[in-house]
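Please look over the sequence and the structure below. The report that follows walks through the main features, one topic at a time.

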Amino acid sequence: MVRHGGGGNVQGGVAGGLEDGQVVGGAAAGCGASRTDRGVRVVQLTYNQANQLGDGSMAPENRGLTPLGHRVVEALNDSRLMVDLSHSGERTCLPRQHGGKR
């Protein structure tokens, strides 16, 4: 992300992200605010396969979000972190599936 300031100044920044929600572990608590304190702005829920949050794009069951996945999405929304749905299964991505507010 690059922004051009006045006087020809160019300012840049980096938006940190986490790939695959396995880094969350088994609890939704702390997956939001504590991550933003560390510069994380994007969390990808799955990476192709199923994990504790939901099914990825290559998981044949296509079950959608798990109960933990629902809690994690809610915590991420509350912390205003972007939820990255790339590599997630179709049912995992459906807004009605996780009550996406934003």
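## A buried threonine

T92 counts as buried, because its relative accessibility is 0% and the cut-off for buried is under 20%. T92 sits in helix 3. Its side chain reaches out to the backbone oxygen of D55, at 2.8 Å.

Keep in mind that this is a predicted model. Helix 3 covers residues 90–93, and confidence in the protein chain is highest there, at a mean of 91.

## Confidence in the model

The mean pLDDT of the protein chain is 77. Residues that reach 70 or more make up 62% of the chain. Confidence is lowest in strand 1, residues 2–4, where the mean is 52.

## Overall layout

The protein chain has 102 residues, and 34% of them are buried. It holds four helices and five strands. Along the sequence, these elements follow the pattern β-β-β-α-β-α-β-α-α.

## Strand 4 and its partners

Strand 4 has a partner in strand 3, residues 16–18. The two pair in the parallel sense, over three bridges. Here L18 stands opposite V43 of strand 4.

Strand 4 also pairs with strand 5, residues 82–84. This pairing is parallel too, and three bridges make it up. V43 stands opposite V83 of strand 5. Strand 4 is mostly covered, with four of its five residues buried.

## The β-α-β unit

Which hand does the unit made by strand 4, helix 2 and strand 5 have? The β-α-β unit is right-handed.

Helix 2 runs over residues 67–78. After helix 2 comes R80, whose phi is positive, near 60°.

## The nonpolar core

How many residues does the largest nonpolar core have? The count is ten: V40, V43, L45, L53, L65, L68, V72, V73, L76 and L81. Strand 4, residues 40–44, and helix 2 each supply at least two residues of this core. The largest share comes from helix 2, with four residues.

Which residues of helix 2 are buried? They are L68, G69, V72, V73, A75, L76 and N77. Among them, L68, V72, V73 and L76 also belong to the nonpolar core. V43 is a core member as well, and this is the residue of strand 4 that stands opposite L18.

## The loop between strand 4 and helix 2

N48 is found in the loop between strand 4 and helix 2. Its phi is near 70°, a positive value in a residue other than glycine.

N51 lies in the loop between strand 4 and helix 2. With a relative accessible area of 12%, N51 is buried. Its side chain reaches the backbone oxygen of L45 at 2.9 Å. L45 is one of the residues of the largest nonpolar core.

N62 is found in the loop between strand 4 and helix 2. Is N62 buried or partly exposed? N62 counts as partly exposed, because its relative accessibility is 23%. N62 and S88 are 26 residues apart along the chain. Their C-alpha atoms are separated by 9.2 Å.

## The loop between strand 5 and helix 3

H87 lies in the loop between strand 5 and helix 3. Its phi is positive, near 70°, and H87 is a residue other than glycine. At 33% relative accessibility, H87 counts as partly exposed.

Conventions: Residues numbered from 1 in each chain as written. Predicted model: local features only at pLDDT ≥ 70, side-chain atom pairs only at ≥ 80, totals over all residues. Heavy atoms only, no water. Expected span 1.5 Å × (residues − 1). Buried < 20%, exposed > 50% of the residue type's maximum accessible area, 1.4 Å probe, protein only. pLDDT = per-residue confidence, 0-100. Polar contact = N/O pair within 3.5 Å; in protein donor to acceptor, adjacent residues only side chain to side chain. Core = buried A, V, L, I, M, F, W, Y, C linked by side-chain atoms within 4.5 Å. Pairing = 2+ DSSP bridges. Right-handed = clockwise from strand over helix to strand, strands pointing away.
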